[in-house]
Amino acid sequence: MSDIATNLAEIKARIGGACERAGRDPASVQLIAVSKTFPADDVREALEAGHDVFGESRLQEAEAKIDLLPSSLHWHFIGRVQRNKVRKILQRFEMIHAIDSLRLAVYADEVASEIGLFPKVFLQINIGGEESKGGFEPDAIRSEIETLLSLQRLEVMGLMCIPPAVKKAEDSRPWFMALRELRDELENNIGVPLPSLSMGMSGDFEIAVEEGATHVRVGSSIFGKRAYRVDGELA
Ligand SMILES: *Cc1c(COP(=O)(O)O)cnc(C)c1O
C-alpha cells in the first residue's frame, strides 16, 4: 500500500474506534481528506484507496486540481469564503463549511438563486471567541439563526468550528462540547434540526467524534506535512 492508503486506513480505523467508545455508528461520520497544498496525484492515490471526499480551502488551487480529476469526486470548501469567489465556490463544491456571517449567507443565497443551486452549508462559529478567527459569535448566531434558516436556497446542515490551538487533543474536548451544546440549544429554541457538526482535524478528530462530529476534516495525517497553516483564520 502507498503511504496515503496506509494513512487513510489508519484514520478510518481510529474514527471507528472513537465511534465505538461513543456508541455511534461509523457511517454517521464523514471523513473529509483535506488535500490543500497537495497535488492531484496525491488525491488520485487516495481515490485509488477508495476515498472520494476531499476538502480544499483556496479556490484557485482547488479548481486546477478538480479539473485534473474524475468528476465523480466530492469536494468540500473548508476555507474562508471571499465574497467575490462565492459564485465559483458554489459551482465547484458540494458543501461549504465556513459561512461566517449573515451578510455572506444572504449574498450566497442570492447567487445560489441566480445560478439555480441549493447549496449545503455549515455556519462557522467562533467557539473560542478568538480575535484572530472568523465565524459567528455564539450570541450572534442565537439572534441570527432564524434569519439564516429563512433563506430560501441555503440548506443549513449545522455548525462548524476551528477551536483554539491546544497542547494536547484532550484539551479540545470542551470546545467540541460547547459547539454541540450550542447546536442543541439552537435546535430546541427554533424547532429545526441542525444535524451536522463539522469539527476535528488531524490532532483531535477522535475527540471530536466522541463529542458528536459528523464531518471531520483531516489533512496532514493523511497526506503529510504541509507548508501552510489552517485556514478559516483571519490573515
Ligand atoms: C487545513 C485545514 C484542516 C486540516 O488540518 P490538519 O491539521 O492538516 O488535519 C481542517 N480544517 C480547516 C478549516 C483547514 O484549513
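The model is predicted, so local features need pLDDT of at least 70 and side-chain atom pairs count only at pLDDT 80 or more, while totals for chains, interfaces and linings use all residues. Residues are numbered from 1 along each chain as its sequence is written, and side-chain values use heavy atoms, with hydrogens and water left out.

The ligand first. A polar side-chain atom of Arg226 is 2.6 Å from a ligand oxygen. For Ser220, a backbone N or O atom lies 2.8 Å from an oxygen of the ligand. A ligand nitrogen is 2.8 Å from an N or O atom in the side chain of Arg217. The ligand taken alone exposes 390 Å², and the protein buries 96% of that, by the Shrake-Rupley method with a 1.4 Å probe.

Next, Arg153, in the loop between α6 (138–150) and β6 (155–160); helices (H or I, at least four residues) and strands (E, at least two) are DSSP runs, numbered from the N terminus. Arg153 is buried, meaning under 20% relative accessible area with a 1.4 Å probe, protein chains only. What is the nearest side chain of opposite charge? That is Asp109, 6.2 Å away, and Arg153 has no salt bridge (a side-chain nitrogen of Lys or Arg within 4 Å of a carboxyl oxygen of Asp or Glu). A polar atom of the Arg153 side chain does lie 3.2 Å from the backbone oxygen of Leu117.

Last, helix α3, residues 59–68: Leu59, Ala62, Glu63, Lys65 and Ile66 are its buried residues.

Technical notes:
Buried < 20%, exposed > 50% of the residue type's maximum accessible area, 1.4 Å probe, protein only. Lys, Arg positive; Asp, Glu negative; His and termini not counted. Polar contact = N/O pair within 3.5 Å; in protein donor to acceptor, adjacent residues only side chain to side chain.
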